[in-house]
Amino acid sequence: MKLYDAAAVFRSKNSGPFAITVDVLFTDSLFYYKMKHSGQINKEVVSKLYNVEPELITHIVFFDQALGFKITFARKVSSGTFLDRDVYGAQQHAPLMELEVN
Amino acid sequence: MIKEEFKILAPCGMLGYGFPKASFMKGMAHSPDAIVVDAGSTDAGPHKLGAGTAIVSKQACKKDLEIIITEGIKAGIPIIIGSAGGSGAKVHVEWTQAIVMEILRERSLHGIKIATIWADIPHEVVGAKLDAGQCEPLGLTVAPLTKDRLEATTHIVAQMGHEPIIAALQAEADITICGRAYDPSPFAAVAMHHGFDSALAYHLGKILECAALSAEPGTTKDCMLGILRQDSFVVKPLDEIRKCTAVSVAAHTFYEKDHPYILHGPGMVLDLQHCVFTELGDGSVEVRGSQISETPVYKIKLEGAMKVACRTFVIAGVRDPLLIARIEEVEELVKQQVYEYYNEIPAEDYKIHFINYGLNGVLGELEPQRKPAHELGVVFEVVAKTQELANAICSSVRSTFLHYGYEGRKSTAGNLAFPFAPSDIPFGDVYEFSVYHLMEVADGLEMFQNEYVEV
């Protein structure tokens with residue numbers, strides 16, 4: 001299945017003007033722990049999906065109480081200046097949605 | 001004697017976004033001890049801070065403040081506004097002050113003590129801290145703050161912690177207008193002033209600064225009540241259509257933050273990893289276990305923006321399948337022709353940029369699926385040293401693109417569908433965040449000045 005089929009919340013936003021953060025939250029705790037322990041969400045995958053160097057990915061963190069994980073990476077162009085395409089960073093979650101997971 | 005409970009009413013997640021008056025009055029019926037509202041954000045980009053403009057309209061800000069001030073003064077409880085005017089620089093704080101004064105005058109409210117906390121940091125202070133190696137970029141892609149970039153920066157602000165706000169409350173301010181503040185600080189300050197635990201106070205502040213966003217359905221445009229106790233706090237939505245759940249409140253600390261449970265603030269780090277979230281059965285959630293630690297060196301976050309160029313842009317549509325098939329190639333050729341035509345102008349004086357909606361408009365080079373739609377929205381922009389130059393170059397890009405005879409073209413009358421006449425839109429100044437740094441300071445009070453006035 002695709003990751004977005006399993007998630008209840010799937011969003012992106014600026015975390016300050018120099019980073020994008022993607023949140024994926026689940027309602028099914030079994031599925032959440034499966035994702036957490038399977039290692040399917042990793043720097044290599046994120047790097048490929050977002051065409052971003054692994055060293056620019058600052059966090060991939062799971063938070064059990066919220067049944068979700070967060071990915072944060074540095075923006076190559078900061079929010080709202082020349083060449084930026086998404087001032088709020090609100091539509092940067094889409095590439096990860098398509099990820100095939102099992 | 002410390003109170004057993006301390007209640008904070010958060011009307012909305014952004015002053016000027018509005019809130020249902022019924023929710024607010026329901027909150028007032030709980031006899032809150034303070035009304036605190038956040039007005040700040042860097043979300044809308046560097047322009048607000050750089051140009052000194054507000055995020056919301058004066059009308060919207062005044063509409064919210066009229067209710068907050070009238071009811072807060074009537075109840076005799078402190079009112080705190082965080083990050084006034086959006087970016088919290090002097091010009092934004094003065095804008096907010098003027099609105100507050102107007103309301104007090106119009107409503108004939110007297111005997112009110114107003115505290116203003118300035119968050120502007122002088123350029124020479126930042127320069128000296130840079131030289132001393134006490135000012136570091138916050139982020140892997142933040143450009144070094146050279147002398148030129150520092151000089152070009154219009155306003156520099158720092159996010160304040162609870163310390164100067166507590167000082168204002170100790171001075172018995174009825175209304176406190178904060179310059180740029182760490183979003184949770186105004187909430188934390190009022191609770192800490194009354195002796196409540198700083199970890200719980202900051203965690204509650206982190207939730208309340210977005211008002212009802214951590215409820216379900218979540219929104220920044222509705223009220224939330226926070227109730228602090230000695231070893232826990234409760235968040236309670238004030239509209240019957242909303243409920244907090246253990247997960248919705250736990251998940252809130254994900255929002256806009258780089259890490260889900262480690263939050264860095266002025267002089268401290270909040271650790272929420274071991275928090276326990278309990279649903280109380282009435283739509284409210286109790287939270288315990290928040291932890292806080294002071295950092296060995298007190299650092300404040302600086303924000304500053306500088307003007308980088310002037311922009312002119314055009315919005316156009318492309319429906320011809322022959323052009324869509326080679327859109328990027330044609331755009332590159334158009335660009336080259338304009339460079340050649342204006343070969344007397346140094347190429348570094350301007351830049352031409354195309355955004356192709358329907359191809360990769362949103363993600364740009366990050367777009368993994370490059371399949372063009374049957375029609376494209378094309379935005380092209382020219383940024384240049386002056387508005388006149390941006391206008392001139394953009395005009396040339398537009399006419400060249402409109403009539404460009406690309407290989408295989410059949411639509412010889414024109415390549416672009418403009419929705420508007422005139423097609424070229426002079427945008428004005430383009431800004432960039434030039435300062436996004438952590439600066440070492442002696443303590444939480446050093447850089448922030450409090451000022452008081454009695455009305």
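This is a predicted model: local features need pLDDT of at least 70, side-chain atom pairs count only at pLDDT 80 or more; totals for chains, interfaces and linings use all residues.
Q: What makes B:Arg180 and B:Glu303 a salt bridge?
A: A salt bridge is a side-chain nitrogen of Lys or Arg within 4 Å of a carboxyl oxygen of Asp or Glu. The closest N and O atoms of B:Arg180 and B:Glu303 are 2.8 Å apart, so the pair meets the rule. The two residues are 123 residues apart and link distant parts of chain B: B:Arg180 is in the loop between β7 (175-178) and α8 (185-193), and B:Glu303 is in strand β15 (residues 299-318). Helices (H or I, at least four residues) and strands (E, at least two) are DSSP runs, numbered from the N terminus.

Q: How is B:Glu303 classed, buried or exposed?
A: Its relative accessible area is 2%, so B:Glu303 is buried.

Q: Why can the salt bridge of B:Arg229 and B:Glu5 be said to tie together separate parts of chain B?
A: The closest N and O atoms of B:Arg229 and B:Glu5 are 2.8 Å apart. B:Arg229 lies in the loop between β8 (224-228) and β9 (233-237), and B:Glu5 in the segment before β1 (6-10), so the pair joins parts that are 224 residues apart in sequence. B:Arg229 is partly exposed at 28% relative accessibility, and B:Glu5 is partly exposed at 31%. Both also belong to a network of salt bridges with B:Asp231, B:Glu286 and B:Arg288.

Q: What makes B:Lys335 and B:Glu332 a salt bridge, and where do they lie?
A: The closest N and O atoms of this pair are 4.0 Å apart, so the distance sits at the limit of the rule. Both residues lie in helix α12 (residues 327-341) of chain B, 3 residues apart, about one turn of the helix. B:Lys335 counts as buried at 18% relative accessibility, whereas B:Glu332 counts as partly exposed at 39%.

Q: How many salt bridges does the structure hold, and how many are between chain B and chain A?
A: Over all chains the structure holds 35 salt bridges. The count between chain B and chain A is 3. A:Lys76 forms a salt bridge with B:Glu365, with the closest N and O atoms 3.5 Å apart.

Q: How do you know that chain B and chain A are in contact?
A: Contact means heavy atoms within 4.5 Å. By this rule 47 residues of chain B are in contact with 43 residues of chain A. The two chains bury about 3800 Å² between them, 63% of it on carbon and sulfur atoms; buried area is the accessible area (1.4 Å probe) that two parts lose on being put together, summed over both.

Q: Which classes of residue make up the side of chain B that touches chain A?
A: That side has 26 nonpolar, 12 polar and 9 charged residues. Ala, Val, Leu, Ile, Met, Phe, Trp, Tyr, Cys and Pro count as nonpolar, Asp, Glu, Lys and Arg as charged, and the others, Gly among them, as polar.

Q: Where is B:Leu138, and what makes it partly exposed?
A: B:Leu138 is found in the loop between β5 (135-137) and α6 (147-152) of chain B. Its relative accessible area is 28%, so B:Leu138 is partly exposed. Not counting residues up to four places away in sequence, B:Leu138 touches B:Lys301, B:Tyr436, B:His437 and B:Leu438. B:Leu138 and B:Gly111 are 27 residues apart in sequence and 43 Å apart in space, C-alpha to C-alpha.

Q: What share of chain B counts as buried?
A: Of the 455 residues of chain B, 58% count as buried. Chain B has 13 helices and 19 strands, and its C-alpha trace spans about 85 × 50 × 50 Å along its principal axes.

How values were computed: Residues are numbered from 1 along each chain as its sequence is written. Chains are lettered from A and ligands numbered from 1 in the order in which they are written. Side-chain values use heavy atoms; hydrogens and water are left out. Buried means under 20% relative accessible area, exposed over 50%, partly exposed in between (1.4 Å probe, protein chains only).
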